[in-house]
Structure formats: structure tokens, C-alpha cells
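Below are some remarks for a colleague who has the coordinates open. They take up the fold, the contact between chains and a single residue in turn.

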Amino acid sequence: MRTAPLGHNVSLERRAWNIRRHAILMGEVQGQGYIAQALDVADILATAYFHAMRYRPDDPAWEGRDRFLLSNGHYAIALYAALIEAGIIPEEELETYGSDESRLPMSGMASYTPGMEMSGGSLGLGLSIAVGKCLGLKRKGSDSRVYTLFSDGELDEGSVWEAIMSAAHYKLDNLIAIVDVNNQQADGPSTTVMGFEPLTEKLESFGWFVQRIDGNDLAAVRAAFDAAKAQHGQGKPSMIIADTLMGKGVPFLEAREKNHFIRVEAHEWRLALDALDERKPS
Amino acid sequence: MKPAAPRTDTRKPRLTTSAMIASIAGEGQRTKPAPFGHTLVELAKEDGSILGMTADLGKYTDLHIFAQAFPDRYYQMGMAEQLLFGAASGLAAEGFTPIATTYAVFASRRAYDFIHQTIAEEDRNVKIACALPGLTSGYGPSHQATEDLALFRAMPNMVVIDPCDAHEIEQVVPAMVRHKGPVYMRLLRGQVPLVLDEYGYSFELGKAKLLRDGYEVLFISSGIMTMRALEAAKALVSDRIDAGVLHVPTIKPLDAATILACCAKPGRLVVVAENHTVIGGLGEAVAGLLMREGVHPAFHMVGLPDEFLAAGALPTLHDRYGISTEALRARVKGWLT
């Protein structure tokens, strides 16, 4: 159903690489940004937008689309990169990232950007909105799905667990949630800020269909999305727990002492781009 | 403290319980049952987009009447107010008109960020109807929403309505559904007083209405304080004080033109009366408007004090904090002599 603007025969590897590249270019515009997170979720976004989801690039509000809710609004730089790659946002707009009057503010907001379904920034909102959207789609008899990406730090928020309980209660098998476990949040490693393991067992006991994967292994990500989609009609919401590596794809950023908001020197944006270019897939 | 002297009158003894749910209707006052719930049911027969949602307070917000009529259009979200409003935003984004109910304290205090971000910022068509507004519960501060108007007034895109009685609620419900965008409505539930039908009143969103004119005093009021102001104005006749009442049910957007015109009438004491803390509600909204526009009548504010209010029976508390009819009348007399 979806049409890739740059042709049908572009590999997922290349899509993910392109998303990383758009994100680094945007980071360079402002000299800052949540670039390490963008790099870690590029494989998930590539799979969502170029394998799993149904949408029309020239009509982002098309009723028959699958909805993608970015709960972690600070990952906007990553989603903009995916929306550019998907042809929903023109590539030229990349240069406006984070600037006055731009449609691409640093924190993702529904009111600013085509293809952005919710206003994030304040964390822990996405799953609750997703529950409402899933209920609404079922009411309408729609077969569209709701995807929502959130971060491991958001597991600290009570509202996330309110939504997790309700999605199982209402048997929302049109919901596919992806939690990015990069084990970094503002004050340090997520597991030390507030322990959330064992996450698979917790979520299963809440009545969800749960898969835990290496979120940077494209084949595994693709298989997880396929299995989650196959849950439609089975009466359970799906959670994909994606363990990811901050800075994935740029070795010196992967190796950097992990931080929620990593420092990238002015000259390093070019170095990051060079490092990425060396790993360009066919 | 000495025990109170035994009552010598033969009337029914005044209640002294700090129950959560207490009637705001005066003794012998005409009332109507559950105007919000019944009106919503009628409206939903015509408008299939209307859905009911609550956080374990269906029965206590009169939404159970809607739930009985349209069980498949009713969502029980559990005792989870953040989820309630986030999910309402999602349903609105899919084209529905969710009517989300809880107590005013929980919407304004517990779920404020969710309403701010997922409903107001995204400009979603969600109607929030909240029971126990201001001081309408004697249960204590946990259930006394004394600052809800201040909080929702401060939120961009939010329309804020404080209806007076059953007659008005029957008109507010269709008007807020017709309005496209988020609305916060203070809800009176159960047996709701019926007053404004005697004044040939009709509600218009964003409009203040002069219910009664008077030469010496002008009450400006919203919600149940309009009922009290009308009673006080009647009582003040025997004190040879002529008082009018301007009812301002829409707190935001404020009907600046009507308020200014009424306040510009010379020689009249303006008294804003509200069932809300004196901080940030109708009183300060009117004061700010008058100051900005250079209209300077003699001016007083009647509202709840900036403190955590006591638990107790509503009549006791309304007397103590100055929002009962008698207290209102006494204060006006004091200001005029």
C-alpha cells in the first residue's frame, strides 16, 4: 500500500542509513540535538515507515493511514528524518530545523509538523493518546493501526502504566507500542534512575503480547513488527521492547561516555557524517 | 470551644455533616434531577459523535444516565485521570466528541499537564465537565476545587463555563458541543436548583446577561453565586438597597463589552461574587478588565479566602467563608453604610 518516494527497491538498511544522515545534518544546523537517540532509533523508524506502516506521503492526514505517535517528543529530530525520507516533509526543510518559524521545532508538536500526530515534550503522554485513538479506530470500523514510540525513561511515569492497563482491558490489538531501551535518561542510566526490569515479564503479566529484540538488528526489528501486526484480531496489544545503542552507526559516538544529551563539537558533525558515509549500504 | 446552645426553633435541624456529596439547593427550592445527564442523552440521539468518558465517577457526575442510554458509547477509564484526558484527546483526534467527566479537583490538579498538552495545545474537541466545583463539598480540600477557574483560565484555547442552575446547564451542554474546541465546564449534579427560568434567561456562549437591574449595587457573578446574588438582591429590598445582578457564566472568553457597559454606569457599587478563591477567578478577571479600560467604580470582591478550607456542612462553610446569601447581604450593607 505505501509507496516509497525514492523507489520500491531501496533496502531497509539504506533507509535507516538515510534517516541517520538526515538527522546528523539537522544536528549540524543547530549544533545540538538528541542525535544519539536519533541514531539509536533509526532502524525502528526505517522499519515502521518502509516496511510496516500504511500512509500516503502527499496526504499525511489520509483517513486510512496507520497512526504513528511520538511520545518522546525530544526524539523529533529522528522522526523528522524519517518523515523527510518518507517524502512527507521536503528535504530542503531540513535546514530550518530548530530555527524561528520552522515547522521542525526541537520538540515534536502536532500543531507544527505534517505527519506528527501528537505534541510530546512532556513525557508519558503518548500511550494514553494511543489508547483513545485505538478505541476511535475500532469504533469507526477502521483496520488502521496505531504505533507509538516511547522511551525507557517514560516507564517511570504512572500514566504509562494507566495506559498499559487500559489497553489490555479494552483488548486493543490495533496498538503496537515500541519502547526504546537505550538505558539513558536525563539523570543517568535508566535502570539506576528507576529500575524497570524484568520488563518482559511485567508487560506480559499486564496482558500484552511482548517481544524483546535487539533494536538495531534490522532483520529482528522487521520480524517483530510482522509478529505484532499479526496480533490484529487476537485481542492483545503488542509491545516491542527494543534494546538499542545510543549513537548507533557512528563509532565515536557509540563509544562516547553515554549521556542523555551528548556533546558534539562543531567539527565533529562532519566527522560523524564521514564515519556514516564510510558505512553506506548499497 | 463551648458546645452550641440547643436550637430553639422548630425547623428541621441544620445539617452539620462533612459529607462529600451535599446538596446546594436551599430548603424548599425548586430543583431538577441530573440536567447534565438528561440533556446529554437527548443531544447524543441527534449527534452520533458524542461519547461519554469518566474516571470512576460516572454515577457522581450524572454521566451514568448517558451510560444507561448508550452503553456502547461510554468508556470507563478507571480511576486514572491522566489516561482519561489523554484518551479523550485521541478519540477527538479521530473525529469524535468526547465528554470527559470527573471531579473538578482531579481535572484541574492531577491531570492539568495532560489537558494542557494533549487537549489544549493540540486544540482537540474535548468537553470536560467536572463536578464539585469551588466549595460545593464539605469533605475538605481534597474535594474542594477552589482554584479550578484560575487554572483553566490560564490555559490557552480553553473555554471556561460556570453555569448557575439546571435551566442553564440544559443550554450549556448543546452550546459547548456546538463550539469546536476544548471546553471546561463546572458541573452541578444530582438535584440541581432551578432558578433562571423565572428570568426568561437563555445561555449564550461568551455572553454576560443582566438578570436584574439596580441603582446602588451591581453584583457580577457566575455559577451558584448568581443564585445567591439574586436572593441577596431580593433581601436587600427590605434594607432599601436596590441591587442588580449581571450573570457571567462564560469566564473565558470574558464578555468585556457587557461588563464594561454595566460597570460604567455611575454611582453604583460593583461586587463580584464567585464560588472560587479570590485569586485568579472572575473577580480578578473583572478587576483587570476595568483597570485596563479605565473604568473605576467602587469595587469589592466576594470569594473564598486564600487558605485550605475547613471540612463541615456546606451551609456552615458558606456562612463562614462569606458566600451564603445572608453573608453576601450583610457585607453589602456594611459597605454601603
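**Notes on chain B**

1. In this predicted model, chain B has a secondary structure made up of twelve helices and 14 strands. The radius of gyration of chain B is 20 Å, close to the 20 Å that the globule rule gives for 337 residues, so chain B is as compact as a globular protein of that length. Its C-alpha trace spans about 60 × 50 × 35 Å along the principal axes.

2. Of the 337 residues in chain B, 53% are buried. When contacts in chain B between residues at least 6 apart in sequence are considered, 79% of them join residues at least 24 apart.

3. The contact between the two chains draws on 21 residues from chain B and 20 residues from chain A. On the side of chain B that touches chain A, the elements giving two or more residues are α3 (81-93) and α5 (112-121) of chain B, and α3(B) gives the most, with nine residues. By type, the residues on this side of chain B comprise ten nonpolar, seven polar and four charged.

4. B:Gly312 lies in the loop between β14 (299-304) and α11 (314-320) of chain B. Is B:Gly312 buried, exposed or partly exposed? It counts as partly exposed, because it has 18 C-beta neighbours inside 10 Å, whereas a buried residue would need 20 or more.

5. Leaving aside neighbours within four places in sequence, B:Gly312 is in contact with B:Ser18, B:Gly138 and B:Leu317. By contrast, the C-alpha atoms of B:Gly312 and B:Glu94 are separated by 44 Å, and these two residues are 218 residues apart along the chain.

Notes: Residues numbered from 1 in each chain as written. Chains lettered and ligands numbered in written order. Predicted model: local features only at pLDDT ≥ 70, side-chain atom pairs only at ≥ 80, totals over all residues. Helix = DSSP H or I, 4+ residues; strand = E, 2+ residues; numbered from the N terminus. Rg over C-alpha atoms; globule rule 2.2 N^0.38 Å. Buried ≥ 20, exposed ≤ 12 C-beta atoms within 10 Å, placed from the backbone. Contact = placed C-beta atoms within 7 Å. Nonpolar A, V, L, I, M, F, W, Y, C, P; charged D, E, K, R; others polar.
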